[in-house]
Amino acid sequence: MKKILFAASEAVPFIKTGGLADVTGSLPGYFNKSEYDVRVIMPKYLCMDPRFKAQLRFKCHFYVNLSWRKQYAGIFETEYEGITYYLVDNEYYFAGDKPYNALFQDVEKFAFFSKAVLESLPFLDFSPDIIHCHDWQTGLVPVFLKTLYGSQNYYTGIKTVFSIHNMKFQGRWNLSAVMDITGLPAQIFTANGMESYGEANYLKGGVVYADAVTTVSKTYAEEIKTPQGGEGLDGLMYACSNRVYGIINGIDYAEYNPAEDPYIYQHYDTKNFAAGKRENKIRLVTDFGLPVDENVFLLGMVSRMTDQKGFDLIAQILDELLLKERVQILILGTGEERYEKMFSGFSEKYPDRLRVYIGYSEKLAHRVYAACDGFLMPSLFEPCGLSQLISMRYGTVPIVRETGGLKDTVEAYNEYEHTGNGFSFANYQAEELLATLRYAIGIFYRKREEWNEIAARDMLLDFSWRQSADRYEELYRMLTE
Ligand code: ADP
Ligand code: GLC
């Protein structure tokens, strides 16, 4: 039996700010249970879902030396859907109303977490063959392991995998501050180690010191080797491309299942989706206070409101789209204030056409996925993207830009061959987005049968975790045999 420990800063159902939590909370359940014992270690945030707090059992405590500081770490344990979760407790670091705070706080918080992960191992009755780290917040795990812990008996032979979910976030901070926080020796903070552009870079640390690096789609694995996608680390990614693997994400097909989803108004499957979606549309449009017309094209978005997701392009085309096309739009999201304000402004300007819910709501997200005809995701870059996978599972046709995982998962509709799963455009330009939306809307109104066939094909696609879990298993085997 191989033992794998996922280390991550968020995981469903305990805490989620984005797709990372979906991955770390669902992938562990898909490994072959007779060969892999996969567990998860994460912070115990004060703001975690309170429903799960009562179920946590205290397991042990110890102290973590962070340079001259000595910090308490408690470990709580719980099971969820057959997977063991360890939650690291420290009320100084993990208090607050959200998991992430200012970067200067987070670099110390996640240095603590990464060290606590390693310090916890002798107490867990679980000595992993592989620690699988996710994103910059756990980038120091491989660094600490290879430098401070590698020579200690207990830690010899432990391998690390580092998964990049988003190259944009690297955890970059002042060198001397990070030296002070981590207590790592000076030679770590050079160009061969975790120094980058004169700063300490946690993501770079993960990439340099891990035994293997993965990212969440094949196309993104290529894009990060280029100046356009590398966020300054393209040279590094190119140099170590022989140990970088692109493994596409899946989604939890039990959680996102229109036939059983407890959040949606009307269940449906591939046979009755047109009627089922119509009912969901009527109910949700009513809830949002838009005029109800089941024949109007309903376009949805569920997204973090950041530049990554293409909101500046949307800003440029919304007036034109709402004035000239027969369309209603529902948006669920939260993020940068300028985008939140922009959409509130548009909903005041077009009260019969557009509604926005600023905030985070699992229930509303499921309802938007189920109710809409089209789902918009014109990302500037997208390592994988789960929203388009979820929307396809609900028979909601994605309209995307061909980047990263969007390119790998949404095959463009071909009117002549009657193939494809959605609509896409190549260049990050407002005119291309508008033209693609118009084309999609045209197909919806003029060729409804074709549209329904696209939706039906989407519902039949298989983006469950099984194939991707196989690829991770292969990688784990390669590292441990
Ligand atoms: P990212 O991780 O870059 O935000 P993904 O597409 O990988 O993008 O994953 C986003 C996840 O977060 C999806 O599960 C999506 O439904 C969810 N999500 C995003 N915004 C919200 C919101 N405001 N309310 C509920 N769920 C949201
Ligand atoms: C990141 C990326 C997103 C990806 C998710 C899970 O948040 O932005 O594209 O799907 O991680 O891997």
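In this predicted model, the side chain of K309 places an N or O atom 2.8 Å from an oxygen atom of ligand 1. A polar side-chain atom of D22 likewise lies 2.8 Å from an oxygen atom of ligand 1, whereas G19 takes part through its backbone, a polar atom of which is 2.6 Å from an oxygen atom of the ligand. Around ligand 1 there are 23 residues in total, and the closest are G19, R304, K309, Y369 and L386.

The packing of helices was examined next. Two packed helices are described by the angle between their axes and the distance between the axes. Helix α10, formed by residues 311-324, and helix α11, formed by residues 337-349, have axes that come within 11 Å and cross at roughly 15°. Because angles under 35 degrees count as roughly parallel, α10 and α11 are described as roughly parallel to each other, and their crossing is left-handed. On the α10 side the contact involves F311, D312, I314, A315, L318 and D319, which meet Y339, M342, F343, F346 and K349 of α11.

A second pair consists of helix α4 (residues 140-149) and helix α6 (residues 202-209), whose axes are 7 Å apart and which pack at an angle of about 50°. The helices α4 and α6 are therefore oblique to each other, and the crossing of this pair is left-handed. From α4, the residues L140, P142, V143, K146 and T147 meet Y202, G205, G206 and Y209 of α6. The contact of α4 with α6 comprises five nonpolar residues, three polar residues and one charged residue.

Five of the residues in the contact of α15 with α16 are nonpolar and three are charged, with no polar residue among them.

How values were computed
Residues numbered from 1 in each chain as written. Chains lettered and ligands numbered in written order. Predicted model: local features only at pLDDT ≥ 70, side-chain atom pairs only at ≥ 80, totals over all residues. Heavy atoms only, no water. Axes fitted to C-alpha atoms, helices over the stretch in contact; angles between N-to-C directions. Helix = DSSP H or I, 4+ residues; strand = E, 2+ residues; numbered from the N terminus. Parallel < 35°, antiparallel > 145°, perpendicular 65-115°, else oblique. Left-handed = near helix turned anticlockwise from the far one by under 90°. Contact = heavy atoms within 4.5 Å. Near = heavy atom within 4 Å. Polar contact = N/O pair within 3.5 Å; in protein donor to acceptor, adjacent residues only side chain to side chain. Nonpolar A, V, L, I, M, F, W, Y, C, P; charged D, E, K, R; others polar.
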